[in-house]
Amino acid sequence: MGCMTGFFIAMMIMVAPLMVISADSVPHSGWGIDELIETGNSGDAQVPQVALEDSGNAIAVWHQNDGTRYNIYSNRYNADIGWGTEELIETDDSGGARYPQIVMDGSGNALAVWQQYDGIRDNIWSNRYTAGVGWGTAEMIESDDLGSAQYPQIAMDDPGNAVAVWSQFDGTRYNIWSNRYTAGVGWGTAEMIETEDSGHAYSPVIAMEASGSAMAVWTHYDGTRYNLYTNRYTAGSGWGTAEIIEDEQGTVSGPQVALDGSGNAVAVWSQSDGLRNNVWSNRYAADSGWGEAEMIETDNSGSAYNPQIVMDESGNAVVVWRQPNGYRNSIWSNRYTVGAGWGEAELIETDNSGHALSPQIAIDGSGNAIAVWYQSDGTRYNILSNRYTGDAGWGEAELIETANSGDAYRPQVALEVSGNAVAVWSQSDGTFENARANRFVMPDTTPPTLTV
C-alpha cells in the first residue's frame with residue numbers, strides 16, 4: 001500500500017504544472033548600500049543638499065575645498081544608471097563659494113543657489129541645470145553692494161519657476177531680500193521683502209506651491225527679542241506686506257514653512273518661554289490668513305530645537321525636531337491632520353547610546369514621510385532614518401550608512417511622488433570629509449507574477 005501511494009504521488013509531481021515565481025517580482029526595497037559620490041581629495045566636501053524629480057533622477061550639490069577656496073560641486077543620479085561624476089558648477093575664483101541649495105521641477109530641470117565672496121563681500125549666485133543638456137553658466141542674482149548677502153534658500157513650482165530669499169546687510173542692519181526665476185525668461189531683479197528697520201532680519205526660508213505662490217518666514221530683532229515674520233508671494237501680483245505671526249513672548253529661532261497644493265501653509269519654529277525652548281506652529285489658510293500660534297510639544301525635560309516641516313498636497317503635515325530627555329538629544333515628531341489639528345508629540349528613535357541631532361524630513365505624494373538625522377553610537381556619529389506611513393505611523397529607526405571610517409554629519413533627504421528617496425550627507429574618511437549618498441526604494445506591494 002505504501003509503495004502504491006508513493007507511486008501515485010510521484011506521478012502527480014511529474015504531471016503537475018510547474019509554478020515559478022518570476023524573478024522580476026522579487027524587488028529590492030528599502031535603503032540600499034551607501035556610496036561615495038565625489039572623489040576630489042584636495043579638501044573637505046561639506047553640507048551636501050539634494051533634490052529629486054518624479055522620474056527618480058536626483059541632483060546633489062555641496063561646497064568643497066580645493067586647498068585654496070571653497071567651490072560648488074554637483075553630481076547627478078540617473079534612476080537607470082546611478083551616480084555620475086562630480087563637476088564644478090561655478091568658476092569665479094575671486095573668493096570662496098559656500099552653502100549651496102538645490103531645487104528641481106517636474107521635468108528634471110534644476111536651479112542651484114549659493115553665496116560667494118568677491119574679495120569684499122558675499123554675493124548670491126545661481127546656476128541652472130537643463131535636463132538633457134547639463135549645467136549652464138553661473139550668474140549673480142543680486143547687485144546691492146552695500147554689504148554681504150548670505151545663506152540663500154530657494155523653492156520651485158512644477159513648471160520650473162522659482163523664488164530665492166536671503167539675508168543681506170545694508171551698512172546698518174541685515175534685511176530680507178528675494179529674486180524670482182521665471183522659466184524660459186530667467187532671473188528678475190532682487191527686491192527687499194520687509195521694511196521693519198528696528199533690527200537685523202535673519203534666517204529666511206521659502207516654500208512654493210504648484211501654481212507659483214510662495215511663503216517666506218524669517219526672524220527679526222525688535223531691540224529686545226527675535227520675532228517671527230512672514231510675507232507671501234502671489235503669482236501674478238508679487239510680494240505682499242510682512243507681518244508677525246507669533247505671540248512676541250520669547251525669542252524665536254529656526255523657523256521653517258511648508259505649503260500644500262491649495263496655498264495653505266504651516267510654519268514651525270523654536271521659541272523660548274524664559275526657561276526652555278519649545279516648538280510652536282501657526283497655520284495659514286488661503287482664504288483667511290494666519291491663525292493663532294500654538295505650542296505643539298509639551299515635554300519639559302529640555303529645550304526643543306531645529307524643527308523641520310513638510311506638507312502633502314492635501315494639507316496634512318509632519319514635523320520633526322531634536323529635544324533632550326535630560327541626558328541626550330532625541331528625535332521627536334508630531335503630525336497635523338486637516339480637520340483635526342495637531343496630534344501628540346512622539347519619540348521616533350530609541351537608541352540611547354548618544355545624541356541624535358539635525359533631523360531633516362521629506363514627504364511623498366501619498367503623505368508618507370522619511371526623516372533622517374545623525375546620531376552618536378558612543379564612538380562616532382552615524383546616519384539614521386525612520387519612515388512614516390499614513391496607515392501605520394512611524395516605523396523603527398535604522399542605520400543607513402555603514403562606512404565606519406569617521407563621523408557622518410548633517411544629512412539631507414528628498415522624496416519623489418511615488419515614495420522613492422535619496423539621502424546625502426558628509427562623512428570623514430580619516431583625512432577629509434566626503435559626500436556620500438544612499439537611496440530608498442519604495443516597497444512594492446504588487447502581488448508576484450506566477451508563471452506556469
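This is a predicted model: local features need pLDDT of at least 70, side-chain atom pairs count only at pLDDT 80 or more; totals for chains, interfaces and linings use all residues.
Which residue takes a positive phi in the hairpin of β24 and β25? The residue is Gly-263, whose phi is positive and near 90°, in a hairpin that has five residues between its strands. Strands are said to pair if DSSP finds at least two bridges between them, and helices (H or I, at least four residues) and strands (E, at least two) are themselves DSSP runs, numbered from the N terminus. Within this pairing, Val-257 stands opposite Ala-267, a residue of β25.

Residues are numbered from 1 along each chain as its sequence is written, and side-chain values use heavy atoms, with hydrogens and water left out.

We turn next to the aromatic rings. A pair of aromatic rings is described by the distance of the centres and the angle of the planes. Rings of Phe, Tyr and Trp (its six-membered ring) pair if their centres lie within 6.5 Å, and planes under 30 degrees apart count as stacked, over 60 as edge-to-face and the rest as tilted. By this rule the structure has 16 aromatic pairs. In one of them, the ring centres of Tyr-374 and Tyr-381 are 5.2 Å apart and the planes stand at 75°, so this pair is edge-to-face. Tyr-388 and Trp-394 form an aromatic pair that is also edge-to-face, with 5.6 Å from centre to centre and 65° between the planes. Both Tyr-388 and Trp-394 are buried, a word that means under 20% relative accessible area, while exposed means over 50% and partly exposed lies in between (1.4 Å probe, protein chains only). Tyr-374 has a relative accessible area of 9%, and therefore it is buried. Elsewhere, Phe-169, Tyr-174, Tyr-202, Tyr-221 and Tyr-226 form one aromatic cluster.

Charged side chains give another view of the model. The structure holds 11 salt bridges, each being a side-chain nitrogen of Lys or Arg within 4 Å of a carboxyl oxygen of Asp or Glu. One of them joins the side chains of Arg-436 and Asp-34, at 3.1 Å from N to O. Because Arg-436 lies in strand β41 (residues 433-441) and Asp-34 in the loop between β2 (30-31) and β3 (35-36), this pair ties together parts that are 402 residues apart in sequence. Arg-436 counts as buried at 16% relative accessibility, and Asp-34 is buried with a relative accessible area of 8%. In the salt bridge of Asp-222 with Arg-225, the closest N and O atoms are 3.8 Å apart; here Asp-222 is partly exposed at 29%, and Arg-225 is partly exposed at 24%. Asp-66, Arg-69 and Asp-93 are linked in a network of salt bridges.

Finally, consider Gln-101, which has its place in strand β9 (residues 97-104). Gln-101 has a relative accessible area of 17%, so it is buried. Leaving aside neighbours within four places in sequence, Gln-101 is in contact (heavy atoms within 4.5 Å) with residues including Gln-49, Val-61, Leu-111 and Pro-152.
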